[in-house]
Amino acid sequence: MAFFRPRVSREAEVRYHADLEIRKDFDQVLEKVRVAQRRFQEAKAAGAPLPELREAALGFDTALTEALRAAEAGQRATFGVKSYDSRIARRKAKATPDGALWTDEVNRLRTLREAHRLSGIPRVPRASKTGDPARLTPRDVRKGLAAAGH
């Protein structure tokens, strides 16, 4: 006596098809990353003012995040519909040449984004109550809290 067992859940199929749609635009998303990176590098090389440089850096970060999400969707779609429900299927798919290619791309984009977030986004100094752009140190913050009675 054989029982019917569905191969994958309906939710997995829906997510798979959504990831396929996102993966279609991966090349265009990568082009946006290249444009944003070029804009950021040109602003840095030209000695742009700090707010403009920060805006370019944040645009590059946004483009990297969008590319990372598209790469992760492409990776999941490459792994196949069964991998949404089964970690074993996911591990097997990661070992295929296409799965390894997408995994490397995801890791490359994630590393690039984190490196950019750690050292590439310039910080804009905050203005104190007097209006000068001096940065507050933790000691100044503690003094302010002590004076306020906290």
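Me: A crossing counts as left-handed if the near helix is turned anticlockwise from the far one by less than a right angle, and as right-handed if the turn is clockwise. Which helix does helix 2 pass in a left-handed crossing?

Reply: Helix 2 passes helix 5 in that way. Helices here are DSSP runs of H or I with at least four residues, strands are runs of E with at least two, and both are numbered from the N terminus.

Me: What kind of model is this?

Reply: The model is predicted, so local features need pLDDT of at least 70 and side-chain atom pairs count only at pLDDT 80 or more, while totals for chains, interfaces and linings use all residues. Residues are numbered from 1 along each chain as its sequence is written, and side-chain values use heavy atoms, with hydrogens and water left out.

Me: How many helices and strands are in the protein chain?

Reply: The protein chain has 6 helices and 0 strands. From the N terminus on, its elements run α-α-α-α-α-α.

Me: Back to helix 2 and helix 5. At what angle do they pack?

Reply: Helix 2 (residues 26–45) and helix 5 (residues 97–119) pack at about 25°, and their axes are 14 Å apart. Axes are lines fitted to C-alpha atoms, for helices over the stretch in contact, and angles between N-to-C directions run from 0 to 180 degrees. The two helices are therefore roughly parallel to each other. By convention, angles under 35 degrees count as roughly parallel, over 145 as roughly antiparallel, 65 to 115 as roughly perpendicular, and the rest as oblique.

Me: Which residues make the contact?

Reply: Helix 2 supplies F26, L30 and F40, and helix 5 supplies W102, E105, R108, L109 and H116. Contact means heavy atoms within 4.5 Å. By class, the residues divide into 5 nonpolar, 1 polar and 2 charged. Ala, Val, Leu, Ile, Met, Phe, Trp, Tyr, Cys and Pro count as nonpolar, Asp, Glu, Lys and Arg as charged, and the others, Gly among them, as polar.

Me: And E105, buried or exposed?

Reply: E105 counts as buried, at 18% relative accessibility. Buried means under 20% relative accessible area, exposed over 50%, and partly exposed in between, with a 1.4 Å probe and protein chains only. Leaving out residues up to four places away in sequence, E105 touches F26, L30 and A71.

Me: Which residues are buried in helix 5?

Reply: They are G99, W102, T103, E105, V106, L109, R113 and H116. What covers them includes helix 1, helix 2, helix 3 and helix 4 (87–94). An α-helix has 3.6 residues a turn, so residues three or four places apart point the same way.

Me: How far does helix 5 reach?

Reply: Its 23 residues reach 33 Å from first C-alpha to last, close to the 33 Å expected at 1.5 Å a residue. The expected span is 1.5 Å times one less than the number of residues.

Me: New topic: helix 1 and helix 3. At what angle do they pack?

Reply: They pack at about 130°, with axes 8 Å apart, and are therefore oblique to each other. Their crossing is left-handed. The contact joins Y16, D19, L20, I22 and R23 of helix 1 to A70, A73, G74, R76, A77 and T78 of helix 3. That contact has 6 nonpolar, 2 polar and 3 charged residues.

Me: What does G74 touch?

Reply: G74 touches R23 and W102, not counting residues up to four places away in sequence. At 0% relative accessibility, G74 is buried. The C-alpha atoms of G74 and K24 are separated by 8.3 Å, although these residues are 50 apart along the chain.

Me: With which residues is Y16 in contact?

Reply: Setting aside neighbours within four places in sequence, Y16 is in contact with A77, G80, V81 and Y84. Y16 and Y84 are 68 residues apart in sequence and 7.8 Å apart from C-alpha to C-alpha. G80 follows helix 3 and has a positive phi, near 105°.

Me: Where is T65 found?

Reply: T65 is found in helix 3 (residues 50–79). T65 is buried, with a relative accessible area of 11%. Beyond its neighbours within four places in sequence, T65 is in contact with R113 and R117.
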